[in-house]
Amino acid sequence: MNHTANTPNILEVNHLSKRLGTFALDDVSFALPQGFIMGFIGENGAGKTTTIKLMLNMLAKDKGEIKIFGQEHLQYEREIKERIGVVMDSPYYVDAWTMLDIEHAVSSFYSKWDHSRYMNLLEHFSLEPKKQLKALSRGMKMKLMVAVALTHDPDLLILDEPTSGLDAVARNELMEILRIFMTDERKGVLFSTHITSDLEKVADYITLIHKGRILETQTKDELLEKYLVVKGGLNLLTTEQRQMLIGYREHSVGFDGLIDCASLRHLPTSIVTEPSNFDEIMIRFNMGGEIDE
Ligand SMILES: Nc1ncnc2c1ncn2[C@@H]1O[C@H](COP(=O)(O)OP(=O)(O)OP(=O)(O)O)[C@@H](O)[C@H]1O
Ligand SMILES: [Mg+2]
């Protein structure tokens, strides 16, 4: 689907701030247009789960605005929640519950809860409905959470590390489910993950958060085009040129680092460039450089 100027945002976060002890989520803004999947990436402790909890009112914001389906998220909380499917990074059900008990507890919150859909999803993931939560492996629990999140036919999926603990086969199954989910252009997915290869397959947009602040939010292709990995011999760059690199690192025979393409013209033409990827971008920003004030 092509993004046009009049595509409405299914999710919008404006100037969101929240202080938690020494950590602060600081002026976070990004928007996900309807019909797309956004990957939400950043190092451990960057603020991904905090941002998601604020959206879901599991935490109260200090400042800022969150709009879901174009509506203020607290003012229309009930209506909005009916239309969202959520997977958090740790399951929050009682260990002794079976999958049927979980259905019993959750289904009353959703007018569109569909028992046969739940059974089909459990079967798809090879989950036995009478099994207790405590008898499930980490990956099986994650699949169960995904099944629960999809059963009421949500319009927006908010997934906090849904692929953690899943093997390559299960991750692929989940990506396939997201692809099918997105065939309906009115839907959207926000998806935080450490496994950036999953995003390379399915994400349309990427938002990169670092130490509570948004560094980048744009389409996947724009982000990958924006940064290049550069390499060269030790004496190739002046101190000033070195400072343009993000995550500059020297080793025995040379250096490497990340460069914003807009600054590339300031570097020697003999410099070697390679395409970057999400891991590279995340790691280099964590190493510091240009943007670390
Ligand atoms: N209730 C709390 N009180 C104090 N600090 C908190 C609280 N909850 C989270 N934090 C801090 O907020 C920061 C961001 O945490 P958050 O869970 O949002 O990170 P994350 O990006 O989801 O990381 P991960 O990739 O490890 O899941 C961390 O430094 C964490 O210690
Ligand atoms: Mg988290």
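The questions and answers below walk through a predicted model, from its ligand shell to single residues.

User: How are residues, chains and ligands numbered or lettered here, and which pLDDT limits apply?
Analyst: Residues are numbered from 1 along each chain as its sequence is written, while chains are lettered from A and ligands numbered from 1 in the order in which they are written. In this predicted model, totals for chains, interfaces and linings use all residues, side-chain atom pairs count only at pLDDT 80 or more, and local features need pLDDT of at least 70.

User: Which helix gives the most residues to the shell around ligand 1?
Analyst: A residue is near a molecule or strand if its C-beta atom, placed from the backbone, lies within 6 Å of it. The residues around ligand 1 are L20, G21, F23, G42, N44, G45, A46, G47, K48, T49, T50 and D89. Helices (H or I, at least four residues) and strands (E, at least two) are DSSP runs, numbered from the N terminus. The top contributor, with three residues, is helix α1 (residues 48-55).

User: How do the residues of that shell divide into nonpolar, polar and charged?
Analyst: Ala, Val, Leu, Ile, Met, Phe, Trp, Tyr, Cys and Pro count as nonpolar, Asp, Glu, Lys and Arg as charged, and the others, Gly among them, as polar. On that basis, the shell around ligand 1 holds three nonpolar, seven polar and two charged residues.

User: Within what arc do the buried residues of α3 fall?
Analyst: A residue is buried if 20 or more other C-beta atoms lie within 10 Å of its own, exposed if 12 or fewer, and partly exposed in between, with C-beta atoms placed from the backbone. In helix α3 (residues 99-107), the buried residues are M99, I102 and E103. They line one face of the helix, because seen down the axis of α3 they fall within an arc (of the directions from the helix axis to the C-beta atoms) of 100°.

User: Which helices do the buried residues of α3 pack against?
Analyst: Two residues are in contact if their C-beta atoms, placed from the backbone, lie within 7 Å. The buried residues of α3 pack against α4 (115-124) and α5 (138-150).

User: How many residues does each domain give to the contact between domain 1 and domain 2?
Analyst: The bounds come from an automatic or database domain assignment. It gives domain 1 (9-211) and domain 2 (227-287). Their C-alpha centres lie 35 Å apart. The contact takes nine residues from domain 1 and seven from domain 2.

User: Which elements each supply at least two residues of the side of domain 1 that touches domain 2?
Analyst: The residues of this side divide into four nonpolar, three polar and two charged. The elements that each supply at least two of its residues are α7 (196-202) and β9 (205-210).

User: Is A149 buried or exposed?
Analyst: A149 is in helix α5. Beyond four places in sequence, it contacts G85, V86, V87, P154 and L157. The C-alpha atoms of A149 and G85 are 4.3 Å apart, though 64 residues separate them along the chain. With 20 other C-beta atoms within 10 Å, A149 is buried.

User: What is phi of D27?
Analyst: D27 is found in strand β2 (residues 23-33). It is partly exposed, with 14 other C-beta atoms within 10 Å. Most residues other than glycine have a negative phi. D27 is not a glycine, yet its phi is positive, at about 55°.

User: Where is N57, with its positive phi near 60°?
Analyst: N57 is a residue other than glycine. With 14 C-beta neighbours inside 10 Å, N57 counts as partly exposed. Its place is in the loop between α1 and β4 (63-68).

User: Which residues does G254 touch, not counting those up to four places away in sequence?
Analyst: G254 lies in strand β13 (residues 254-260). Its C-alpha atom is separated by 7.3 Å from that of K231, 23 residues apart along the chain. The residues touched are K231, G232, G233 and L234.
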